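Let's take a walk through this model together, one region at a time. Keep the structure open beside you so that you can look up each residue as it comes along.

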Amino acid sequence: MTLSSFLSVILAFAFIATFANASNYYKDFDITWGDGRAKILNNGELLTLSLDKSSGSGFQSKNEYLFGKIDMQLKLVPGNSAGTVTAYYLSSQGATHDEIDFEFLGNLSGQPYTLHTNVFTQGKGNREQQFHLWFDPTKDFHTYSVVWNPRHVIFMVDGIPIRDFVNHEANGVAFPKNQPMRIYSSLWNADDWATRGGLIKTDWTQAPFVASYRNFNADACVWSSGKSSCSNSKSSNMPWFNQQLDSSSQKRLKWVQKNYMIYNYCTDVKRFPQGLPTECSLP
Ligand SMILES: *[C@@H]1O[C@H](CO)[C@@H](O)[C@H](O)[C@H]1NC(C)=O
């Protein structure tokens, strides 16, 4: 083999490896509702959800996961998105399900989206934290990640932690660690509550509303027929498996909480007259 043909073989392999790594929405997701309003485009590189007066739309992952670092890039409904909600979450099934939620509540043009987060364990949620973002989430794609391991559920935006739900099982707080979860996303109308508590209604003259997704990546353990198989056989090759917030990440989390957090269930004493949930008083 000549050097140049050898090099082209190497290049071909590099190309195949890159291509195989690229996210493909056909491969990883099923469109579950919306009657054609959800679309997979560009050979599987892009997915769009749309909402109009008669319906929203949604998709879910083919795989179930039990722990992982899951990244998704989203570009939210631009312009007047008041009344619309884009939900992006992980959830298991059943009455005692676990769930890790991102929900993006739209707003009037020029007014900030609200990023609503929640964690359900054993069917129980009521752990809302809400944020504004430090950028306009409709102008570009941004990365929303969940690092889910046996000790932490870390919510991140563009690599910046915004929330860390810590395993406090030792203090009787359930933690999501036994139930595999699927990834779900949907775009729907929630103008009875979403924007300024329901005061601002969806402006249907702006429909269809469209949210876009790309660059999905799951460095995760896939659950199948009662067995978990991870992206790597050694947890030392899966940094997320032992990930926790180091001091610089903690600083960034504090920055977000101080400047962008608009609601925290842990400070809502009126809502919990019997006392705040246990985890609120733990480090
Ligand atoms: C919409 O904008 C208003 C005014 O800036 C803000 O108070 C509110 O948090 C924003 N988000 C939602 C979902 O209402």
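**A strand and its two partners**

In strand S7, the residue that bridges to Tyr88 is Phe102. This is a predicted model, so please read every distance and angle below as a value computed from predicted coordinates. Strand S6, residues 84-91, pairs with S7 in the antiparallel sense, and seven bridges hold the pairing. S7 has another neighbour too: strand S8, residues 114-120, runs antiparallel to S7 and is joined to it by seven bridges.

How many of the residues of S7 are buried? S7 spans residues 99-105, and seven of its seven residues are buried. Both faces of the strand are covered. On one side you will find Glu99, Asp101, Glu103 and Leu105, and on the other Ile100, Phe102 and Phe104, all of them buried.

**Around the ligand**

Leu105 also brings us to the ligand, as it is one of the residues that surround the ligand. With Leu105 in this shell are Gly106, Asn107, Gln111, Pro112, Thr114, His132, Ala194, Thr195 and Arg196. By type, the shell divides into three nonpolar residues, six polar ones and one charged.

Now zoom in on individual atoms. The side chain of Asn107 places an N or O atom 2.4 Å from an oxygen atom of the ligand. His132 has a polar side-chain atom 3.1 Å from a ligand oxygen atom. Pro112 takes part through its backbone: an N or O atom there lies 3.3 Å from a nitrogen atom of the ligand. Taken alone, the ligand exposes 350 Å², and the protein buries 75% of that area.

**Aromatic rings**

Next, colour the aromatic side chains, which form 20 aromatic pairs in this structure. One of these is the pair of Tyr25 and Phe29, whose rings are stacked, with 5.3 Å from centre to centre and 25 degrees between the planes. Tyr25 and Phe29 are both buried. They also belong to a cluster, in which ring pairs link Tyr25, Phe29, Phe59, Tyr213 and Phe216.

Is Trp240 buried or exposed? Trp240 counts as buried because its relative accessible area is 2%, which is under the 20% cut-off. Phe241 has 23% relative accessibility and therefore counts as partly exposed.

**Backbone details worth a look**

Most residues other than glycine have a negative phi, and most peptide bonds are trans.

Which residues are joined by a cis peptide bond? They are Ala207 and Pro208, with omega at about 0 degrees. Pro208 sits in the loop between strand S13 (182-189) and strand S14 (209-224).

Asn42 is not a glycine, yet its phi is positive, near 50 degrees. You will find Asn42 in the loop between strand S2 (39-41) and strand S3 (46-51). Asn215 likewise has a positive phi, near 50 degrees, but Asn215 is located in strand S14. The relative accessible area of Asn215 is 42%, so this residue counts as partly exposed.

Technical notes:
Residues are numbered from 1 along each chain as its sequence is written. This is a predicted model: local features need pLDDT of at least 70, side-chain atom pairs count only at pLDDT 80 or more; totals for chains, interfaces and linings use all residues. Side-chain values use heavy atoms; hydrogens and water are left out. A residue is near a molecule or strand if one of its heavy atoms lies within 4 Å of it. A polar contact is a pair of N or O atoms within 3.5 Å; within protein, one must be able to donate a hydrogen and the other to accept it, and residues adjacent in sequence count only if both atoms are side-chain atoms. Accessible areas come from the Shrake-Rupley method with a 1.4 Å probe; for residues, only the protein chains shown count as cover. Ala, Val, Leu, Ile, Met, Phe, Trp, Tyr, Cys and Pro count as nonpolar, Asp, Glu, Lys and Arg as charged, and the others, Gly among them, as polar. Rings of Phe, Tyr and Trp (its six-membered ring) pair if their centres lie within 6.5 Å; planes under 30 degrees apart count as stacked, over 60 as edge-to-face and the rest as tilted. Buried means under 20% relative accessible area, exposed over 50%, partly exposed in between (1.4 Å probe, protein chains only). Helices (H or I, at least four residues) and strands (E, at least two) are DSSP runs, numbered from the N terminus. Two strands pair if DSSP finds at least two bridges between them.
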